[in-house]
Amino acid sequence: TTTTTTTTTTIASMESLSKTAKELCEKVPSSLPDCYELIHNRSSKKDDFPECLSTNLREVFFECRQKLTHGDESDSFADRVRELLGRTDRRKGTKLARERTAAVPALLRQLADLPHTHNDEETKRIVNVVEKLHTLNIRVDYAVIKEEIINRGFSRWLCIIHVILDHSHMKYRKNMKEGDMSLFRGFALELSNDKGFSANKRPHEVVSNTKVENQDAMELDEGEAVGAESPQPTLMLKMKFLPYMVRTFGCRNGLRSLKQGGVIGFMQYVNNLLSAKWKMSPKARKEWMPFFRAWAEYAEPRLANRLPEDGVDMPQLTSDCYLDHLQRFIPLYESGELGPQDGSGLYFQGFAIVVSPTQEKAKMAADYIAKKISCFERYTGSKVPSGTINGVVCSVTPGDKMARFKQLLNDRIGATFLIFFGCTDDDVEFLVDDEMDIKVTKGKLKSWRKLNVSRTFDLPLSDLKESDGSEGKKELLGSENMKKCTDVLLEEGSKDVLGLEPGILVFFPQIPGCGKSSLVNDDAKTELQSFLSTQTKVQRQVSVRMGDNTTGKFWNIVKKEKARDPSGVYLADKNVPAPSWDLVANVCAETNAIGVPVIPGNALRTTVVEGIRFPDGYLSMNRTHTFPFSLQYLAVCLIHILSREDGTHPGKLDASESRACMIVIMFFCMYQKVSADEFFASLAADFEANSAFLSREPIEIPFLREPGLSDLPAELTDVLVDAIRAQLGYSSAKTTKNKDVTKIKDPYLDELESRLRKTLNNHKDLLQTMTVPVEDSRKSFLEKIKESIEQADCDELTAALSGVEPDPKEREIWYVSLDISPNDVHNFLLKYSDDTRLETFWGNVAGNQNPSETLLGSQCTDNKFIQETHVTLAHKAETTQSAMKEIFGSIENHGIPVEVTALLWDDKTAALEVGLPQETNKGDPLPPSTNKFTHVTVWIQDGTRAFRSNELPDLVNEGNASRYTFQNPGKLDGKLIFQYT
């Protein structure tokens with residue numbers, strides 16, 4: 001039936017196309033001359049046929065090109081185009097009158113409510129798109145245009161809709177419903193006049209039916225169009241398209257680099273173009289680099305007029321006729337005759353500065369180094385352009401402006417090098433004549449050595465010498481030291497940050513007093529480094545930076561340090577309020593890092609404060625302010641600050657600071673307009689806007705024992721609210737130049753500070769009982785950081801960051817298991833919910849609740865219960881990849897029943913002991929599990945790792961765990977699967 005329906009639909013479509021083609025042939029016979037000739041020579045104004053103002057520019061181009069090849073320059077393509085445009089007389093063709101309007105959503109709503117549009121589903125769907133954009137507060141540019149084609153007496157109104165920001169597409173997609181239209185970057189709507197709409201009136205005067213312009217679809221670059229698929233007319237798109245940019249800026253403009261530096265020079269130019277200038281993803285670069293490599297090898301001989309004898313008459317390749325060659329090249333490339341190749345190779349992407357006492361020596365050494373590392377971006381002095389340029393060698397003397405290079409180095413995140421050539425005391429005295437100049441040169445060299453770079457080299461003049469080469473030409477010969485220098489530059493300067501294993505950036509979107517420094521101390525760093533050295537497949541280093549000990553812009557420094565170790569784990573000991581989330585996201589995007597936020601347990605609870613107190617004392621109660629953290633959390637952080645010993649805090653934020661409490665209040669207010677429910681979504685939106693990756697879940701560490709506010713005294717609540725109102729007043733006051741609460745002279749702030757301290761100290765004992773011990777927080781923090789590191793080692797996540805999909809055949813098997821439904825596991829356990837011998841087990845996993853209300857299978861919300869219940873048969877740590885594939889490959893996806901024989905548990909772990917059959921449901925032999933204890937882990941306590949269940953039998957033998965043997969073993973159905981990393 002489906003086949004018949006599809007065939008009928010296809011035949012109907014072909015009939016419709018054939019009918020349309022026949023009508024076009026009748027109206028525009030093939031015997032007619034070219035359109036522009038026809039219009040130009042027409043003597044009558046009577047429309048015997050529709051005007052078609054077009055011509056085949058490709059044919060005109062190749063016709064002109066053929067004449068030029070044979071030496072005839074009388075008829076250029078540019079002249080022919082001008083002639084065509086003149087013949088069509090554009091001034092008498094189309095007029096556009098543009099008027100902007102902000103009332104488009106309301107206009108289209110009126111349109112949808114008109115009687116004759118009630119049955120027009122397409123109009124309704126378009127209106128729904130515009131209204132959803134308006135409701136979601138998505139930035140959109142609307143423009144209403146009246147188009148008049150004068151010589152046909154035709155006019156119409158168009159509405160152009162342009163979505164401004166990239167991340168708006170994700171926001172729109174999350175709110176899409178079934179049947180909604182997809183959102184594009186730009187599209188046009190026609191306000192048609194087929195229902196009595198007068199084109200002389202403006203759209204808001206008479207509203208009419210709307211339809212989508214049915215223009216030809218154009219290819220979208222990845223990520224521009226998102227949303228559910230739905231049958232709908234194609235929308236007109238206004239975009240820059242990558243193929244045009246590749247053709248013009250890559251293939252044509254790169255010919256200069258190809259001529260000067262050969263294939264390697266061209267590839268370096270292209271790599272710089274794609275990564276530094278266009279910020280293309282590694283996936284896109286991987287797709288385009290083979291194309292450019294093949295083009296370079298095709299173009300290099302033709303650029304030198306060494307045309308191959310392939311029987312094709314082609315002119316010498318130049319930037320003027322590159323399109324001829326590109327048209328010839330593309331079929332060869334697509335057929336595989338000229339590729340594909342992997343486009344791999346080392347391309348210097350670093351920034352190297354060669355310093356020497358004289359310009360002659362600096363230029364000589366820089367030219368030699370640039371040639372050896374195939375770097376063709378060579379600059380002298382301070383002529384190096386600003387911005388992020390990859391692959392630069394610059395020659396300078398000590399007298400050049402160092403401040404320029406200091407700024408350039410601060411802006412870079414890649415490898416940077418400083419090479420001193422002939423800068424030893426003896427060499428300086430040899431190269432510089434005047435004694436005073438020698439002293440000045442040596443002094444300036446000391447300043448250059450203070451520049452912050454990745455590597456520094458000192459090369460004496462003897463490391464580079466001139467010698468007589470072939471044909472009497474002078475050649476430079478480098479010593480072994482010079483070779484080591486160029487080798488290091490090429491190796492370290494060719495690393496692509498985005499192509500490495502993803503790293504981790506741990507940050508704290510909290511407020512002062514949250515205890516973050518106690519989590520990222522030296523002991524924590526040591527434990528994490530030990531874990532990384534022994535338990536992970538990617539070797540990483542742990543770095544810690546404390547904000548209070550950092551001079552300069554913190555996140556700029558973090559970006560540079562993180563870029564030098566992209567795969568490392570970086571712990572940023574600094575509070576990150578909402579206004580700074582964008583900075584963190586930018587660091588993650590540019591250093592290939594996964595952002596891992598740490599949030600306090602039980603502290604995210606929306607706080608609403610009514611009113612604002614302005615600096616002049618006026619209290620307005622007409623405003624409502626929302627914050628994501630509870631007042632309980634704020635009070636605890638404040639008492640932590642006041643409990644610090646004077647002078648012990650690196651940032652001097654303790655009781656000795658006169659406005660210590662108000663500083664914490666100021667940080668709390670920086671989260672204004674973000675609710676607890678929107679906290680993580682808002683953070684994710686900033687990361688998405690920067691094309692950065694955020695961990696799937698934040699690290700939530702134990703902080704408050706209870707999330708409620710019932711135990712917070714009324715007088716404490718009142719003074720906290722008063723302090724928040726005062727801070728908001730100073731933050732929003734336009735007349736207040738200095739909004740730093742430590743520098744504002746206001747007796748009211750002094751009074752608030754005094755009230756806060758007195759009230760907090762009155763309830764100090766209560767507040768201290770609200771928090772969990774710091775040891776518990778630190779232990780949980782370390783365990784969850786380890787889990788985040790293991791997630792970063794996941795091939796799928798690495799693929800997402802690199803943009804390259806892993807080949808299923810090449811993915812690493814993590815373990816082989818029998819997957820069992822958590823519903824079946826929980827239903828089995830509930831059969832024994834009334835058994836008194838399992839009383840301690842039920843006390844551990846369910847507490848005072850009824851087990852049936854806790855064990856809900858796949859719907860269980862308690863993360864202590866394992867959702868991916870399984871029996872491990874083999875693990876990568878105990879066998880090889882080939883062995884797992886060979887032993888279990890033939891029975892993958894086979895059903896296998898397991899027999900549940902016992903339950904083992906202690907206060908941290910619980911598991912079901914199971915027995916395995918000899919064969920699968922299909923009769924194939926089942927190899928035994930490599931685990932000594934064959935089991936299904938069902939429950940783990942917070943901070944405990946699942947593999948601990950392997951220790952339960954030994955704990956039972958030692959009397960530290962319990963075991964219950966089932967008299968009637970139960971049956972559970974499993975399925976054998978390969979779990980990949």
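## A parallel sheet

Two strands count as paired if DSSP finds at least two bridges between them. In this predicted model, strand 7 and strand 8 (residues 392-396) pair in the parallel sense over three bridges. Within this region, Y379 stands opposite C394 in strand 8.

These strands belong to an open sheet of five strands, ordered 7-8-6-9-10, with parallel pairing. At its edges lie strand 7 (378-380) and strand 10 (455-459), each of which pairs on one side only. From one strand to the next, the twist averages 20 degrees. Helix 16 (residues 480-492) packs on the sheet and touches strand 6 (351-355), strand 9 (416-421) and strand 10. The direction of helix 16 makes about 160 degrees with that of strand 10.

Next, look at helix 20 (residues 581-591) and helix 23 (residues 679-689), which pack at an angle of about 50 degrees with their axes 8 Å apart. That angle makes helix 20 oblique to helix 23, and the crossing is right-handed.

Helix 20 brings W581, D582, V584, A585 and C588 to the contact, while helix 23 brings F679, S682, L683, D686 and F687. Sorted by class, the contact has seven nonpolar, one polar and two charged residues.

## An enclosed helix

How many residues of helix 22 are buried? Ten of the ten residues in helix 22 (residues 660-669) are, so this helix is largely enclosed by the rest of the structure. Among the buried residues are M662, I665 and F668. The buried residues of helix 22 pack against strand 15 (569-575), strand 18 (619-629), helix 21 (631-642), helix 24 (714-732) and helix 25 (747-762).

Note on methods
Residues are numbered from 1 along each chain as its sequence is written. This is a predicted model: local features need pLDDT of at least 70, side-chain atom pairs count only at pLDDT 80 or more; totals for chains, interfaces and linings use all residues. Side-chain values use heavy atoms; hydrogens and water are left out. Axes are lines fitted to C-alpha atoms, for helices over the stretch in contact, and angles run from 0 to 180 degrees between N-to-C directions. Helices (H or I, at least four residues) and strands (E, at least two) are DSSP runs, numbered from the N terminus. Angles under 35 degrees count as roughly parallel, over 145 as roughly antiparallel, 65 to 115 as roughly perpendicular and the rest as oblique. A crossing is left-handed if the near helix is turned anticlockwise from the far one by less than a right angle, and right-handed if clockwise. Contact means heavy atoms within 4.5 Å. Ala, Val, Leu, Ile, Met, Phe, Trp, Tyr, Cys and Pro count as nonpolar, Asp, Glu, Lys and Arg as charged, and the others, Gly among them, as polar. Buried means under 20% relative accessible area, exposed over 50%, partly exposed in between (1.4 Å probe, protein chains only).
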